[in-house]
Amino acid sequence: MPPSQPPLQDLRRILRGVFLVAAEAAQRSPTLEAAKAGDVPALVSRAVKNALVSATDLAGLTRGTPRQVSSPRASSVVFFAEDDEITAKPRTTSDPSNSEKPPPQPCVGGFHGSEASVPEAEEGTNEAEKVGSLDDSKAGTTKVPDVIRENGDQKDPVLSDPVEKEILTDGVRDAILVKRRRPRERRVPSTPFSRALGFAGLGAGLAWGTIQESAKRIVFGMPNTNEKQSVLSPFLSEKNAERLALALCRMRGAALKLGQMLSIQDESLVPAPILAALDIVRQGADVMPSKQLNDVLNAELGPNWKSKLRSFDYEPLAAASIGQVHRAVLKNGMEVAIKIQYPGVADSIDSDIENVRLILDYTNLIPKGLFLDNAIKVAKDELSRECDYELEAANQKRFRELLSDSKGFYVPRVIDDISSKKVLTTELITGVPIDKVALLSQGVRDYVGEKLLELTLKELFAFQFMQANPNWSNFLFDESTKIINLIDFGAAREYSKNFVDNYLRMVIACANSDRKAVYEMSQRLGFLTGEESDIMIEAHVQAAFIVGMPFAKPGGYDFRTANITRSISNLGATMLKHRLTPPPEEAYSLHRKLSGAFLACIKLGAVVPCRELLLQIYEQYQFGDGGAELLSSTA
Ligand SMILES: Nc1ncnc2c1ncn2[C@@H]1O[C@H](COP(=O)(O)OP(=O)(O)OP(=O)(O)O)[C@@H](O)[C@H]1O
């Protein structure tokens, strides 16, 4: 949207968006079904309940006032006796019966606050009662802001995490000012109707935020215009970004996943205030109440699931986009992480993504060349695969096998008899995610950067099987063992031999700034049709050379001085305007992973011998179609 566009046009677009979302909600409404069937009592009772649900839901989503997870208790761990009866035995350090080793601190980034969530009394299950569970003003809860700013002087939840405390007291903590979200306990909206309503609430909240921002601009004028175009849109104000982030944390599922994907972009691609808000999304979602949690466990594993455990911690380690992860101890004493899928998210992938598309559409910020339809189709496929934990278990076992001989990596074991399509139990691992490694010594950062790039190249060119989700918390570094523990294989996928053959040639051509070979391989892989304008070809080739830069010279590439993303984003605008074809389907996951690896090295500020790593792979590579000589012009 051009900066000079009058606010009236914005308003018109916003209203259109709100109507579209509302229409979507109405279309899904069982109330309308009842009306069509002439069921008057059902119609009236649903209308009343829905009014209640929407009133609270809208308030919860758009204002984002949280209630704390629960009042702090001694412990959230439940121990199971031999006869499988729950003997809610709080864990205390002085309790002699609790002689098993204390639970490790598996990783930072999840929730480790003192706000323990313990098994609750049965919650109501009908819609009206659900409203109660969403009500922030519930007696006994404290109103606190959703997002808190922290700096070095404040006493805050960060210090409750020993690993983070250790890193942050290192003099670094004083220098940072981060936004953090307090974990909230909220039911996952699990029916199509409640999800559509959630998006309608978000749409309304964003519209209101946009109106406020437009009004502010009429009075106080436009913000600084040397910023990017996206910042100039009244839709993408800091407040709206925060609103969006909080609503995504509440909705969870596909919508949150999309937000998380955006959150690992570089500042030169996404404006800083928006990135800060999306960082909130990356910290984790809201927490599902234990009643909802127990329902999923009972349905998936049968009512006897407790008989396989010695204990289960109701306070989640992490609340991710698709599921919530809990620590537990098996009968044999092994510590495990149990990932439990939020109810309803697998069935609402399509509608969630369509709703996000509606919101994106009315912002008018998505350029045509993005071929959004293709991206959305790929996202839907990926997300449905990620919701299948049986598939994830199989991928994880395959990676465990593939990496068994590789030094410096560890893939945790899968515990089959406590796993299902919506529950995945794996060995508990320890470590800190990549963004926390960035606070460690240069030597450690170089080591981790090199290992990450080595892994990425190995996955693509040696295994042709790649874990395509580069989320920083999927790589947990254990400093004491120098091992990177790997998790989250839901998005793993294979690439065909033919694709990988040509892609390796392409990477070598980029590394050698070989124009002819880049052009040839780009056509072969489907990035170019051969009909492109000179301007497009030039932008494409230049972008390829920039990506090849880390591989261009021997002796270590210094990612601290890298300007890769900024340079690419300048060319990206030209490419989006002139491109004739969407990228090949493989490119979505592959480029996300590759840019994730580069961004991780930039975040770490690592110096990595990229060229050496690439040539090592190249020398061992067996081309399936006649060999490397096809690249005649590549040295
Ligand atoms: N085996 C494990 N040991 C320790 N922590 C774990 C383990 N598995 C998962 N976690 C924690 O739970 C978080 C979420 O797990 P995972 O990434 O598998 O879920 P997801 O739903 O796929 O998440 P995402 O939204 O990142 O895709 C991890 O970032 C990590 O903090």
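Select Phe477 first: Phe477 stands opposite Ile484 in strand E13. The model is a predicted one, in which local features need pLDDT of at least 70, side-chain atom pairs count only at pLDDT 80 or more, and totals for chains, interfaces and linings use all residues. Residues are numbered from 1 along each chain as its sequence is written, and side-chain values use heavy atoms, with hydrogens and water left out.

**The sheet**

Next, display strands E12 (residues 475-478) and E13, which run antiparallel and are joined by four bridges. Strands here are DSSP runs of at least two residues, and helices (H or I) are runs of at least four, numbered from the N terminus; two strands pair if DSSP finds at least two bridges between them. Leu476 stands opposite Asn485 in E13. In the hairpin of E12 and E13, four residues lie between the strands, and Lys482 takes a positive phi near 60°.

Select Phe409 to find its bridge partner in E13, Ile484.

**The ligand**

Move to the ligand, which 23 residues surround; the closest are Lys257, Ser321, Lys339, Glu427 and Asp488. A residue is near a molecule if one of its heavy atoms lies within 4 Å of it.

An N or O atom in the side chain of Thr426 is 3.1 Å from a nitrogen atom of the ligand. A backbone N or O atom of Ile429 lies 3.0 Å from a ligand nitrogen atom. In the side chain of Asn474, an N or O atom is 3.3 Å from an oxygen atom of the ligand. The protein covers 94% of the 610 Å² of accessible area that the ligand has on its own (Shrake-Rupley method, 1.4 Å probe). Helix H9 (254-263) and strands E7 (323-330), E8 (335-341) and E10 (423-427) are the elements that give two or more residues to the shell.

**Asp501**

Finally, select Asp501 in helix H17 (residues 497-511). Is this residue buried or exposed? Asp501 is buried, with a relative accessible area of 1% (buried means under 20%, exposed over 50%, partly exposed in between; 1.4 Å probe, protein chains only). The Asp501 side chain makes a polar contact with the side chain of Tyr621 at 2.6 Å. A polar contact is a pair of N or O atoms within 3.5 Å; within protein, one must be able to donate a hydrogen and the other to accept it, and residues adjacent in sequence count only if both atoms are side-chain atoms.
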